[in-house]
Amino acid sequence: MEYITLHNGMQMPLLGFGTFQNTGEDCEKSVYTAIQSGYRLIDTAQAYGNEKQVGKAIKASGIERNELFIVTKVNFPSYDDTEQVVLESLEKLGTSYVDLVLLHWPFGNRYAAWRTLEKLQETGSIKAIGISNFEPDQMIDLIHFNKVIPVVNQIETNLYCQRQQEHQWLQKYGVAHMAYAPLGQGHRNEMFAQPEIVKLAKKYEKTAAQILLRFFTQQGIIVIPKSIHEERIKENIDSFDFKLTIDEIAALRNLDKNEPLIGKSENPEFVEFAMNW
């Protein structure tokens with residue numbers, strides 16, 4: 001495992017386990033498998049409805065709490081009740097603190113929610129706070145009108161949506177880039193079939209997924225691939241024993257379409273998700 005040092009000095013794994021759309025026994029089993037396979041960063045959220053299952057898997061793993069980096073999120077309809085939501089998350093996860101809590105979307109009363117997270121961080125129940133799905137202007141506004149700078153911004157990032165411009169803004173303000181859907185979710189097969197990816201997979205004797213994950217981690221981007229399949233869970237974490245060349249990274253950057261596939265308000269999947277709240 002490789003780590004990134006956040007601006008507050010905390011060490012965060014560059015590769016973790018995502019749990020979006022992973023619920024019930026599948027969630028508990030896959031999180032347990034991930035931890036046993038060496039994952040130490042686990043990402044969940046209030047909106048995912050699986051914090052309790054994640055907590056059960058963590059307890060069953062037998063791994064010491066201080067060896068894990070747990071991330072959860074407060075969803076925008078609950079921003080006026082942020083403190084209560086965080087307390088409920090702690091209870092569901094079975095932990096006295098969360099390493100990182102994010103504001104899930106830049107909607108609603110996000111400024112009040114952020115200041116609540118700042119206060120909770122002072123109590124120690126949250127070690128760090130960050131944001132998710134914030135555009136650069138929204139992030140900069142939050143930074144300039146509050147005390148604490150977000151340690152990360154979790155945004156959709158994959159081969160076709162690399163967020164290269166956003167990455168530059170994040171670096172300028174010392175905010176770590178955290179990628180959800182790094183394997184493209186519904187566009188996974190299309191990305192895996194790209195000739196450049198196929199060529200690199202053959203050269204390094206790795207899978208297409210491992211090539212894509214390494215492409216991002218080499219750039220200091222945190223990735224949280226998800227899966228319920230044991231083989232893929234183990235495969236994804238086994239992506240640190242090789243390095244792409246500068247020219248290979250440049251070639252993959254040229255495949256960027258600079259268009260979000262998931263995290264945009266006009267996307268039907270997002271509209272359905274938001275309306276359910």
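The side chains of Glu248 and Lys203 form a salt bridge, with an N to O distance of 2.6 Å. This pair connects distant parts of the chain, since Glu248 belongs to helix α11 (residues 246-253) and Lys203 to helix α8, 45 residues apart. Glu248 has a relative accessible area of 12% and is therefore buried. The model is predicted.

## Other salt bridges

In total the structure holds 10 salt bridges. One of them joins Glu122 and Lys147, whose closest N and O atoms are 3.4 Å apart. Glu122 is in helix α4 (residues 110-123) and Lys147 is in the loop between α5 (136-144) and β8 (152-156), so this pair ties together parts that are 25 residues apart in sequence. Glu122 is exposed at 61% relative accessibility, and Lys147 is exposed at 64%.

Lys206 and Asp238 also meet through their side chains in a salt bridge (3.5 Å, N to O). Because Lys206 lies in the loop between α8 and α9 and Asp238 in the loop between α10 and α11, the pair ties together parts that are 32 residues apart in sequence. Lys206 is buried, with a relative accessible area of 13%, whereas Asp238 is partly exposed at 39%. Salt bridges with shared partners join Lys206, Asp238 and Asp241 into one network.

## Helix α10

Helix α10 spans residues 230-237, and its buried residues are Ile233, Glu235, Asn236 and Ile237. The cover over these buried residues includes β3 (17-18), α1 (24-36) and α9 (208-217).

Glu230 is also found in helix α10. With a relative accessible area of 45%, Glu230 is partly exposed.

## Buried loop residues

Gln194 sits in the loop between α7 (188-192) and α8 (195-204). Its relative accessibility is 17%, so Gln194 counts as buried. Leaving aside residues up to four places away in sequence, Gln194 touches Leu159, Tyr160 and Leu255.

Asn75 is placed in the loop between β5 (69-74) and α3. Asn75 is buried, at 0% relative accessibility. Between Asn75 and Cys161 there are 23 Å in space, C-alpha to C-alpha, and the two are 86 residues apart in sequence.

## Negative surface patch

Asp80, Asp81, Glu88 and Glu91 form a negative surface patch. Glu91 is located in helix α3 (residues 82-93) and is exposed, with 68% relative accessibility.

Key
Residues numbered from 1 in each chain as written. Predicted model: local features only at pLDDT ≥ 70, side-chain atom pairs only at ≥ 80, totals over all residues. Heavy atoms only, no water. Patch = residues over 30% accessible without salt bridge, like charges linked within 9 Å, V, L, I, M, F, W, Y side chains within 5 Å. Areas by Shrake-Rupley, 256 points an atom, 1.4 Å probe, with all protein chains shown as cover. Salt bridge = Lys/Arg side-chain N within 4 Å of Asp/Glu carboxyl O. Lys, Arg positive; Asp, Glu negative; His and termini not counted. Charge placed at Lys NZ, Arg CZ, Asp CG, Glu CD. Helix = DSSP H or I, 4+ residues; strand = E, 2+ residues; numbered from the N terminus. Buried < 20%, exposed > 50% of the residue type's maximum accessible area, 1.4 Å probe, protein only. Contact = heavy atoms within 4.5 Å.
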